[in-house]
Amino acid sequence: MIIYNTTYHVEASLAEAFIVWLRTDYIPAALRREELSEPQLCRVMSESEDSGISLSLQFHVTDTGHLNRWYEECGFVLAEEMKRRFADRVVGFTTLLEVIDL
């Protein structure tokens, strides 16, 4: 199992609108194809939020093949929509985490 994590830095003035967009548009669209599951939206705790806030959006995915298919058929369109709506006022980077059972 892999956790597909994207950390976003959002200008403070757009934070609420961005969170609403993630909840109402991005996450439901991302889940329609069924490669991704178990979304979790978190606020990154930081001492200084003068320039904005950071959020982490995580999904579970079986493997990188499923993730690549999702991105090609859905994720790319969502990333373009985010860029169109929020331009450079929201920036993000993605990491993949492998779940290790202890």
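**Close-up views of a predicted model**

**View 1. An aromatic cluster.** Ring pairs join Tyr8, Phe18, Trp21, Tyr26 and Phe86 into a cluster. The model shown here and in the other views is a predicted one, and a search of the whole structure finds eight aromatic pairs in it.

**View 2. The ring pair of tyrosine 4 and tryptophan 70.** The ring centres of tyrosine 4 and tryptophan 70 lie 5.7 Å apart, and because their planes stand at 65°, the pair is classed as edge-to-face. Distant parts of the chain are linked by this pair, since tyrosine 4 belongs to strand S1 and tryptophan 70 to helix H2, 66 residues apart. Tyrosine 4 has a relative accessibility of 8% and therefore counts as buried, while tryptophan 70, with a relative accessible area of 0%, is likewise buried.

**View 3. The ring pair of tyrosine 8 and phenylalanine 18.** In this pair the ring centres of tyrosine 8 and phenylalanine 18 are 5.2 Å apart with the planes at 70°, so the arrangement is edge-to-face. Tyrosine 8 sits in strand S1 and phenylalanine 18 in helix H1 (residues 15–31), so the pair ties together parts of the chain that are 10 residues apart in sequence. Both tyrosine 8 and phenylalanine 18 are buried, and both are members of the cluster of View 1.

**View 4. The largest pocket and its lining.** The largest pocket holds about 260 Å³ of space, and 16 residues line it, with Thr6, Tyr8, Tyr71, Ala79 and Met82 lying nearest its centre. Strand S1 (2–10), helix H2 (64–86) and strand S4 (90–98) are the elements that each give two or more residues to this lining, and H2 gives the most, with six residues. By residue class, the lining of the largest pocket is made up of 11 nonpolar residues, four polar residues and one charged residue. Tyr8, one of the residues nearest the centre of the pocket, is also part of the aromatic cluster.

**View 5. The surroundings of threonine 6.** Threonine 6, which is located in strand S1, is another of the residues nearest the centre of the largest pocket. With a relative accessibility of 6%, threonine 6 falls under the 20% limit and therefore counts as buried. Its side chain is joined to that of threonine 94 by a polar contact of 3.2 Å. When neighbours within four places in sequence are left aside, the residues in contact with threonine 6 are Leu55, Ser56, Leu57, Phe93 and Thr94.

View 6. As for their accessibility, glutamate 38 is exposed, with a relative accessible area of 52%, whereas alanine 87, with a relative accessible area of 41%, is partly exposed.

Technical notes. Residues numbered from 1 in each chain as written. Predicted model: local features only at pLDDT ≥ 70, side-chain atom pairs only at ≥ 80, totals over all residues. Heavy atoms only, no water. 1 Å grid on protein atoms, 1.4 Å probe; cavity = no way out; pocket = protein on both sides within 12 Å on 5 of 7 lines; lining within 4 Å. Points joined across faces, edges and corners; volume = space filled by probe spheres on them. Helix = DSSP H or I, 4+ residues; strand = E, 2+ residues; numbered from the N terminus. Nonpolar A, V, L, I, M, F, W, Y, C, P; charged D, E, K, R; others polar. Buried < 20%, exposed > 50% of the residue type's maximum accessible area, 1.4 Å probe, protein only. Phe/Tyr/Trp six-rings, centres within 6.5 Å; stacked < 30°, edge-to-face > 60°. Polar contact = N/O pair within 3.5 Å; in protein donor to acceptor, adjacent residues only side chain to side chain. Contact = heavy atoms within 4.5 Å.
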